[in-house]
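Please look at the sequence and the model first.

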Amino acid sequence: MSFTASQLECGFGMEQLDANKVVVAASTAAAEISNAGHIAKQLSLVAKNARTVVLRAGDAALGFKVVSDFFVELSTSSIFLVSQVNIVAIELSRGAIECWDANRLSQKLDDVVLRHKEEEIEYFSSIEPSISKGREGTAKLNDDLKHQIKKLSSLVDDIRQQMRAGKVISVISRIEASRAGEFRQALEEMADKVEALTERMIVHIQTAMTQLEEAQVNN
Amino acid sequence: MKSLKIYDQQHQWFILAREDVKGKSLIETNQYMVRNGERTLIIDPGGVELFAPMLSSVLQNVPIDQVTDLFASHQDPDVISSLNLWDQVLTNAKLHAPSIWEGFIRHFGLNNVEYVSVKDDGGVVDLGGLQLQIIPAHYLHSSGNIHLYDKEAKILFSGDVGAALEEPASPMYVDDFNEHISKMEYFHKRWMPSNTAKSNWIERVSRLEIDILCPQHGRMFKGDDVKRFLDWFDQLPVGIAV
C-alpha cells in the first residue's frame, strides 16, 4: 500500500476515498439502477395486465387481485426510487470529480513543497494559504463524498428490499393463480414473468450495491 | 525548470523553460512572464504536467498574489490545460485569450479567474500602466490565435511561430540560424495551415521593432536572427498535409 505525499500530509490517509473509484462506482451504479428501472416499467405493464385479467375473472381470481395490486404498487414505487437514485448518483459523480480536482491540486502543491525543500523558493510563503486551504477543502469534500455514498447505498438498499419482497410474493402468486379456474394458465404465465423480472432487477441492484461497497473500501 | 531574465529595466521579462519531464512524451514548451511593479503576467502558462515546476519558478521571482494576469495565445493543451490549477491558486486574476475559444477553454475549468475575451482585431493588456499590444495571428496555427508585443522592451511573443522541436537541454537562444532551420522547418510546414495568413502576419510584424522574438517552443531569436527568421518564414510554403 502506498500513499501520495498529499494523502499522508493531509492527515487522513487511511480514511480517504479514491475519487476515481467513486466516479466509476457512482456511474456504474446509476447505469445498473437505470436498467433496473426499465425492468420496473415492464413489471408495471405485466402487473396492470394481471389486474385486467383479475377483473375479468371476477371471484375466481380474488386472491390474485391482492397480488397484482401489490406488483402495480411495487413497480410504481421502484420507478420513483430509481429516479431518486439517478439524482443522488449524479450528485455523487460531481462531488467525486470535485474531490479528484482538489486532490490533483494538492498533489501538485506537494510537489512544490518538495521542490522548496530541495532548493529554497523565495516567495514560497505566499502559496502556503492555498496549500492549507486545499488540504482543508480536500478533507471536507472527502467527508461529503462518504455521506453521499451512504445516501445512495441506502436508496439502492430500499429497492433491493422491495425486490426481495416482490420475489416472495411472486411465489405466492403462483398458488393464487392455480385457484383461478379457466384463468389459471394466463395468471401463471404472468406470475412467471413477474418472478423473472424481479430476479433480473435483483441482479442489477446487486451489481450496483457491490460497486458502491467497493468504492468505500480504501486502496 | 530554468528561469532566465531576458529583459530587465523598469519592467522585466522572464523565460521559464527547459523542464525535462521524463518518460511522458510531452512537447517541450516555453513559458514567459512579464513583471511590472506588483503586476505579473504569465504568457502561455503551460499544461497540467508542468504546473508544479511552473509554480515553483514563478514563486522564485514573484509572490503568488502578484500574479494578476494570464495570457493564452490559443486553446491548445500545452498552452493552457493547467488553467484549472491556476484558477484554484490565483485569487484575483484575469485570463486574456481569444474570444472564439472562450467556450472551449472554459472546459478546462474556470471558476475564479476572469476570462477577458480578445476580439479578432487584437487589443491591449494593461499591466499596471505597461501597455502590451495583442497582435492577431489567426491561422498561425490556430484559427483564433494571438501574440503579444511589448513596444518598450521590443519583445514579440510569437506563440507557435518560430517554434522548433528539440531537446529539453537546448540553449535558450538561436546561435546558428542556418543550423536551426532543420529543427523548425517541418513544424512550420505541417502545423501552419495558411500561406495567406502567414504573409499577412509577416507584413504586419515586419513593421514592429523587435529585438527578441519569443516562440512557445524551442529557442528565442534575437538581433539579426529575428529578420533572418521572418525572411525564411516568408519563403516557406506551409499547409503541406493536403
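How many residues apart in helix 3 of chain A are Asp69(A) and Lys65(A), and by about how much of a helical turn are they separated? They are four residues apart in that helix, which spans residues 62-118, so about one helical turn separates them. The model is a predicted one. In it, the side chains of Asp69(A) and Lys65(A) form a salt bridge, with an N to O distance of 3.0 Å. Lys65(A) has a relative accessibility of 34% and therefore counts as partly exposed.

Helix 4 of chain A, residues 128-178, holds another such pair. Asp157(A) and Arg160(A) are three residues apart there, so about one helical turn lies between them. They are joined by a salt bridge whose closest N and O atoms are 2.9 Å apart. Asp157(A), at 22% relative accessibility, is partly exposed, whereas Arg160(A), at 15%, is buried. The two fall into separate classes because buried means under 20% relative accessible area.

In chain B, the pair to look at is Arg228(B) and Asp225(B), whose side chains meet in a salt bridge at 2.6 Å, N to O. Both belong to helix 7, residues 224-235, where they are three residues apart and thus separated by about one helical turn. Arg228(B) is partly exposed, with a relative accessible area of 42%, while Asp225(B) is buried, with 8%.

Back in chain A, Lys65(A) and Asp69(A) belong with Arg51(A) to one network, joined by salt bridges that share partners. Over all chains, the count comes to 24 salt bridges.

Conventions: Residues numbered from 1 in each chain as written. Chains lettered and ligands numbered in written order. Predicted model: local features only at pLDDT ≥ 70, side-chain atom pairs only at ≥ 80, totals over all residues. Heavy atoms only, no water. Salt bridge = Lys/Arg side-chain N within 4 Å of Asp/Glu carboxyl O. Helix = DSSP H or I, 4+ residues; strand = E, 2+ residues; numbered from the N terminus. Buried < 20%, exposed > 50% of the residue type's maximum accessible area, 1.4 Å probe, protein only.
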